[in-house]
Amino acid sequence: MANVVVVGAQWGDEGKGKIVDWLSERADVVVRYQGGHNAGHTLVIDGTSYKLSLFPSGVVRGKLSIIGNGVVVDPHHFVEELKKLRDQGIKITPDNLRIAENAPLILSLHRDLDAAREDATSSLKIGTTKRGIGPAYEDKVGRRSIRVMDLAEPDTLMAKIERLLAHHNPLRRGMGKPEIDPKTLYDELMEVAADILPFMDRTWKLLDEQRRAGSRILFEGAQGALLDNDFGTYPYVTSSNTIAGQAATGSGMGPGAINYVLGIAKAYTTRVGEGPFPTEQKNEAGEYLGTHGHEYGVVTGRKRRCGWFDAVLLRQMIAVCGINGIALTKLDVLDGLDEIKLCVGYELDGKKIDYMPSSMGAQTRLKPIYETMEGWKETTAGARSWAELPAKAVKYVRHIEELIGAPVALLSTSPERLDTILVTDPFEDR
Ligand code: IMP
């Protein structure tokens with residue numbers, strides 16, 4: 001038995017799509033366990049690009065793909081993504097896609113609320129994707145969510161809608177928005193029920209059966225560990241737990257089901273949205289990384305903030321996720337730079353520290369301590385073995401391993417699947 005969790009080790013957009021796709025060929029089952037359609041995973045297969053937001057990457061390869069209970073599901077988006085992928089020739093049926101019966105739904109009122117909060121002039125703008133993720137999770141914890149299974153019980157759905165609106169309508173009144181009529185919401189849900197219900201399943205049971213049968217399960221994380229609701233740069237985080245432990249809770253498997261945690265990290269750092277980012281470069285270096293790395297969001301098209309590799313943050317996320325090995329991506333973006341900086345510690349109020357404090361105030365006062373390494377002029381793009389890499393690039397990767405205290409298991413040198421240097425196969429590592 002070998003089950004692998006793939007988790008973003010920075011602020012998301014680390015290039016998980018390609019790595020998950022690469023691993024999903026070796027897996028039998030692929031599971032999403034948190035987040036929703038705020039994620040944006042791009043897979044390039046034989047020159048065709050597939051953009052996934054909600055569906056596990058395994059669907060593109062025909063693997064059994066599961067949207068777990070920890071995910072928040074926008075039923076309208078579900079229908080849209082299904083259509084788009086089918087139009088691209090991907091076969092998706094209940095034979096290869098299942099959705100947890102106990103996954104909460106994202107409704108139009110959640111999207112409205114997310115956008116209204118973000119658009120209001122407030123000092124606490126998070127820079128969300130405005131997909132309704134936060135408000136949907138609030139309702140889950142508040143015990144008033146409409147869940148997938150509720151669509152199968154129209155007789156009791158109205159009572160659940162009224163309970164939900166007893167919370168939302170007063171909020172909407174306060175924001176000067178029109179109240180929602182329960183019947184309108186009921187009709188909206190009934191309209192999508194027939195599309196979504198054929199995929200509904202008791203997915204914890206299906207996963208248990210798969211595990212007992214010896215299937216290889218790949219848990220596909222979305223966003224990144226630094227956006228975790230507990231361990232990220234709160235409040236500038238997403239509303240789910242993005243760290244590896246959530247793979248168990250968000251799918252209904254015990255922690256013992258996880259054998260290997262693969263953290264994905266870029267050879268530099270990016271962030272979308274607001275919040276602290278100690279190594280951010282609002283200068284030529286940042287522009288270089290953004291331009292060469294095509295750093296624009298898949299979901300929102302926003303320009304990503306760019307900066308140097310931060311070994312302190314990575315070390316911290318390795319600890320909280322229990323990361324066994326790193327997949328280092330986008331090394332080729334650094335090709336051509338005269339020098340490359342790495343953050344190896346912080347100075348906070350005159351003292352040296354080796355961790356990211358959890359107070360927002362302290363996070364914004366951090367001054368990175370850098371080491372500078374010589375860059376390389378040759379290209380690393382498309383390298384498939386260490387021998388093809390310039391010596392200075394190898395030195396950079398080896399130094400990262402030393403600084404973070406974890407091995408590089410995979411090195412990705414272009415968006416193409418095969419442009420990958422494999423050091424350790426996470427499914428085979430014991
Ligand atoms: P939300 O998840 O839409 O609530 O957004 C909360 C924060 O997470 C914002 O800073 C977003 O930019 C960020 N975020 C959400 N999803 C992603 C992602 O897939 N990649 C990178 N950042 C994300």
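# Ligand site and fold of a predicted protein chain

An oxygen atom of the ligand lies 3.2 Å from a polar backbone atom of V272. The protein covers 96% of the 470 Å² of accessible area that the ligand has on its own; accessible areas come from the Shrake-Rupley method with a 1.4 Å probe, and for residues only the protein chains shown count as cover. The model is predicted, so local features need pLDDT of at least 70 and side-chain atom pairs count only at pLDDT 80 or more, while totals for chains, interfaces and linings use all residues. Residues are numbered from 1 along each chain as its sequence is written, and side-chain values use heavy atoms, with hydrogens and water left out.

## Around the ligand

There are 16 residues around the ligand, and D13, N38, T129, T238 and R302 come nearest. An N or O atom in the side chain of N38 is 2.9 Å from an oxygen atom of the ligand. For G127, a polar backbone atom is 3.3 Å from an oxygen atom of the ligand.

## The chain as a whole

The protein chain has twelve helices and 18 strands, which are DSSP runs numbered from the N terminus (helices H or I, at least four residues; strands E, at least two). A compact globule of 430 residues would have a radius of gyration near 22 Å, and the 22 Å of the protein chain agrees with this. That radius is taken over C-alpha atoms, and the globule rule is 2.2 Å times the number of residues to the power 0.38. Along the principal axes, the C-alpha atoms fill a box of roughly 65 × 50 × 40 Å.

Of the 430 residues in the protein chain, 56% are buried. Buried means under 20% relative accessible area, exposed over 50%, and partly exposed in between (1.4 Å probe, protein chains only). Among contacts (heavy atoms within 4.5 Å) between residues at least 6 apart in sequence, 76% join residues at least 24 apart.

Helix α1 (residues 16-24) is mostly covered, with nine of its nine residues buried. K18, D21 and W22 are among these buried residues, and R417 touches K18, D21 and W22, as well as E25, V44 and R61, not counting residues up to four places away in sequence. R417 sits in the loop between β17 (408-412) and β18 (420-422), and counts as buried because its relative accessibility is 12%.

T379 lies in another part of the chain, the loop between β16 (367-374) and α12 (391-404). With a relative accessible area of 53%, T379 is exposed. T379 touches D335 and P390, residues up to four places away in sequence not being counted. T379 and G336 are 43 residues apart in sequence, yet their C-alpha atoms are 7.6 Å apart.

| Side chain of | Partner | Distance |
|---|---|---|
| R417 | side chain of E25 | 2.9 Å |
| T379 | side chain of D335 | 3.2 Å |

Conventions
A residue is near a molecule or strand if one of its heavy atoms lies within 4 Å of it. A polar contact is a pair of N or O atoms within 3.5 Å; within protein, one must be able to donate a hydrogen and the other to accept it, and residues adjacent in sequence count only if both atoms are side-chain atoms.
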